[in-house]
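User: Hi! I'm new to this one and would like a friendly walk through it. Can we start with the pockets?
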Amino acid sequence: MLTEHPQVLPPLLNKGIHYFDTADRFRQGSKFYAAHFPFKRPRNAGRMITGEASPYYMFHPLAATRIAAELGQVKVVVLLRDPVERAFSAHKQERGRGFEHLEFWEALQQEPQRLAGEEERIIADPSYQSFSHQHHAYVARGRYATQLERMFAAVGREQVLVLDTDTFLSAGLPTWPLLLRHLGLDDWWPQTPIHTNSRPSTPMPEQTRRWLREQFRDEDDRLIELLGYLPSWRQ
């Protein structure tokens, strides 16, 4: 939606560059990263910005400090959704991309074994790329408070805008002006809200939903304390 704004220049190839979270790409350095963006602004254009969207940056244990080191004036935007729905949606996406062979409930039960020691190994060896840490963290990636605290500490709380996805995409886009102010953009409204990465499926079993809700209860409480308000899924 932001790429339609007249003051925004999108990246040249893909919206997600995965530079700060992919060992092979990060090794190629800042010039490699810069080459993914427009080289100059349009003639007679005023202030313009560019950016990208790589969701794994939030969860990767080294990405936030790398972002802070290379992009001193970065503005970060974080969209949070119900972590239960996020886990289910992520599983469907990973299955659809061929990165997951387990059914949802089995994948949830196998997650602790799949992720055991992976974050520590990434930190100890920045050249290591963990497949399961990126593609199989259905519960862990829904523990938002931990990830936000890491990002706040790295780039500064004032540089990070946290938006509730359900509120953001509700009728009238009520928090759209907050996004524009955060990015220093002029007033402008998109014609139609865009929903992406939606995959049809059978409903999540209620027993699984209740189990997941319990997994996130304490972390949601931390998130409420951190943000100072109830997210939409707890209202």
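Analyst: Happy to! First, a term: helices here are DSSP runs of H or I with at least four residues, numbered from the N terminus. Also, keep in mind that this is a predicted model.

User: Thanks. Which helices each supply at least two residues of the lining of the second largest pocket?
Analyst: Those are α7 (118-124) and α9 (144-155). The largest share comes from α9, with three residues.

User: How much space lies in that second largest pocket?
Analyst: About 190 Å³.

User: And which residues line the second largest pocket?
Analyst: The lining is made up of Phe59, Leu115, Glu119, Glu120, His133, Ala140, Arg143, Thr146, Gln147 and Arg150.

User: Switching to the surface: which residues make the nonpolar patch?
Analyst: Leu12, Leu13 and Phe39 make a nonpolar surface patch of about 410 Å².

User: Where is Leu12 found?
Analyst: Leu12 sits in the loop between β1 (8-9) and α1 (23-26).

User: Why does Leu12 count as partly exposed?
Analyst: Because its relative accessibility is 46%, and partly exposed covers what lies between buried, under 20%, and exposed, over 50%.

User: What about Lys40, buried or exposed?
Analyst: Lys40 is exposed, since its relative accessible area is 71%. You'll find Lys40 in the loop between α2 (30-34) and β2 (49-50).

User: Last one: how many residues apart in sequence are Lys40 and Leu108, and what is their C-alpha to C-alpha separation in space?
Analyst: Lys40 and Leu108 are 68 residues apart in sequence, and their C-alpha atoms are 46 Å apart in space.

Methods. Residues are numbered from 1 along each chain as its sequence is written. This is a predicted model: local features need pLDDT of at least 70, side-chain atom pairs count only at pLDDT 80 or more; totals for chains, interfaces and linings use all residues. Side-chain values use heavy atoms; hydrogens and water are left out. On a 1 Å grid over the protein atoms alone, a cavity is a set of points where a 1.4 Å probe fits but cannot get out, and a pocket is an open set with protein on both sides within 12 Å along at least five of seven lines; lining residues have an atom within 4 Å of a point. Grid points are joined across faces, edges and corners, and a volume is the space filled by probe spheres set on the points. Patches are made of residues with over 30% relative accessible area and no salt bridge: like charges are joined within 9 Å, nonpolar side chains (Val, Leu, Ile, Met, Phe, Trp, Tyr) within 5 Å. Accessible areas come from the Shrake-Rupley method with a 1.4 Å probe; for residues, only the protein chains shown count as cover. A salt bridge is a side-chain nitrogen of Lys or Arg within 4 Å of a carboxyl oxygen of Asp or Glu. Buried means under 20% relative accessible area, exposed over 50%, partly exposed in between (1.4 Å probe, protein chains only).
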